[in-house]
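Welcome! Open the structure in your viewer and follow along, one selection at a time.

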Amino acid sequence: MSNPATSSGVADVGRASSLAGGGRRKLAATRGWRFSNAPVAFFLLIPVLVLFGIAVVFPLIETIRLSFFDIKGLGKPKYVELGNYVKLFADPAFRNTLTTTLTFTLATTVVSVGIGWVLAMLCSFAPRLTTAFRVMIFSAFGISEAVAGYMWIGIFRPDAGGLLNTVISMFGFPGFAHPWLGDTNTALGALIFAASWGGVGLPLMLCFASVQAIPKTVLEAAYMDGAKPMSIMRHIMMPLSLPGVRVAIFINLLGALRAFDIIYVLTGGGPVRSTETVGYFMYRESMTQFKLGYGAAATVVLLLAVLVISIPAIIQRTAGAK
Amino acid sequence: MTTTSGIASGIRRRSLMAAVSIAALLSFAPAALAQDLSGELVILQWQGGTDAEMWKKVEDAFIASHPGVTIRELNITAQGDARGGIRTAILGGEVVDIIINTWPAFRAELADAGVLRPIDEQWASFGWDQKLSQSWKDLGAIGGVTYGLTYTYGDRSGIWYKTSHMEKAGIEPPKTWEEFLASFDKLKAAGYATPVAVGAKYWSHAEWFESLLLRTAGVETAAKLAAHEIPWTDEAVKTTLKKFAEMLAAGCCGDPATMFANDWDGAADLVFKAETANYLLIGMWNNARARNDYGLTEGVDYGLFQFPTLGMGHDDTSSVDTKELNATANGANPAVADAFLDYIVGAEAANIMAGYGYASPSSAADSSLLGPVQQTATAAVAQSKVQFVLGDLLPGDLVDEYRVQLQKFLQDPSDANIDAVTAAIEAKAAESY
């Protein structure tokens, strides 16, 4: 059955967005789009392209260019070809940051998305009753990482003023009070915990939306067949909410890879560089030691890591688009 | 009708009047110039807290005496080392007249990059020799050219304590290394868990190494180490770390995790707020913190004693830090910048600083305005051979490695690890100079 023609432009746009491939081209053709209109389109795009060029393309090219120079402080740059990259991968401190970054990224993603996903499924059993709860969890996502970092410093403080140690002592285990951020064995774990706290909100919302998108008929059929809530979660909600989970994983991975603020505030990459990620290494080399070329090389490596994760995800997410 | 001779006479008279007028003007030139100072003075400022408050007061007083001048601060926000922010501002094209600086190595970097202008002419014309001794001039010089004008200095070999802790433990501030080590048990017996608060999160654990190095090997060795004229594997460095290890073995500081969990301010809290620790080796800025943040009375509630004597022939040494002003080569208002430099070593600015507990090297300063603790520190420095704090003399990438390796030493102060730690610093030093 064909759709009746509409006279409304809005309806045309809505219809155009719902069409795919040849259908869209056909619509464009019927509305009089011609190749000769391209200059106007490009003209209208100029402001965006200029801003994009200034804010993204130029810094990107400049960073890549700097990575081929040896720059120390305010001294004159010296062209070193791939020297910074060779030095980078021979640097034990940088190699250590790769391991730390991988651990931090995977752990915060697993914890944030895992908790967010489970909470989303639980909330979906009583969506209205859990609105306030979801808003509270999500609000943590809106708190600046630096501010959250100072809050976590108060929680992890090693002395009697530290909230965590106080609670541990209150429950009768004063022997378990510990300088969590000062111990090389616990600092990264504490950091992951703190970073994950703020990271739960977004996966919760994405997964919740995904669970809500499951057709009611499927859930009703499961109830009528006598499925228990746990079975519904395991066999229906979990598999059918995977698209939302994949987006949440993608966003969390990218965020964790680039993490800096909370590390800067909580541990400063220490103790003994045990919590130093590539993002923090980049800052240390570029800003505190002002080795801009070396820091730029680390930035390019981080960019490549982000691209390795992003490109397959973007291809997968946009596979249906023409 | 005017005759030729009359004209000539008139010209001579006018010439004479003009000459007299010029001479009169010239004779009043300095005063006239001082009154005519005008325009905006831009100061690159990175200090915070009480330091920033004091600095504002100094600026206000300068403006009050030069009504035609306005001051604009270019504020750099930084946690810890502000050099990154200063470099970014300069490379970003910011034009300032004066930079506040506390790192001699950074001054050299700025001078090499052509950012600074020499101030030797000003030193002579303003007569700063009358206010500052030659040693302060030398401190601000690179290769015989003066770039830095020191306006305050601090003792970095003074150990802070709370009077009530000493009284409770029944001890006096220790004078010798043996007394110092022996005091740990007495303080612990009095109920204090950790006699020495070491904030090893970033850099302040190096304070102990640096004063110990001076007392073990003297200022010449420390200077050579800073310039990498001797290697970090030198016996002097190892002996210093072994002395540090004695302190750790005597139970000074708790476990490494506790030390790594705090920076210097957290360590100060342990002594003055939580009262679980007793000794703190940190710079004179703690004086303002103790008075303002903890509400303590200087010389009554808390005190300062100079680093204990080791008996190794170098007990007359102290580590110091300074703050100086650098004039820039591209500043828009060099005349006002010079006047501000002159003002900062004058009596008015020195006395404002004294009110905040900061010592001025200027002879124009009234030292009686300093509090009792600051007077103790000032006297100690005056009687010492001084060496600038080592960390601020090292190249940026080396100082980072140096601090991390000292953290590794705190984790394991064994002789074998001392060898490993010194070798690691030396390896970095080999590529840093």
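Domain bounds here come from an automatic or database domain assignment. This is a predicted model, where local features need pLDDT of at least 70 and side-chain atom pairs count only at pLDDT 80 or more, while totals for chains, interfaces and linings use all residues. Residues are numbered from 1 along each chain as its sequence is written, with chains lettered from A and ligands numbered from 1 in the order in which they are written.

Select chain B and colour domain 1 (37-154 + 321-382) and domain 2 (158-319 + 386-432). Their C-alpha centres lie 28 Å apart. Between them, 19 residues of domain 1 of chain B are in contact with 22 residues of domain 2 of chain B (contact: C-beta atoms, placed from the backbone, within 7 Å). On the domain 1 side, pick out α17 (372-382) of chain B (helices are DSSP runs of H or I, at least four residues, numbered from the N terminus). α17(B) gives the largest share of that side, seven residues.

Now move to chain A and select helix α5 (residues 92-123) and helix α9 (residues 187-199). Their axes (lines fitted to C-alpha atoms over the stretch in contact, with angles from 0 to 180 degrees between N-to-C directions) come within 9 Å and cross at roughly 45°.

Finally, show both chains: their contact takes 21 residues from chain A and 27 residues from chain B.

Notes. Two residues are in contact if their C-beta atoms, placed from the backbone, lie within 7 Å. Helices (H or I, at least four residues) and strands (E, at least two) are DSSP runs, numbered from the N terminus.
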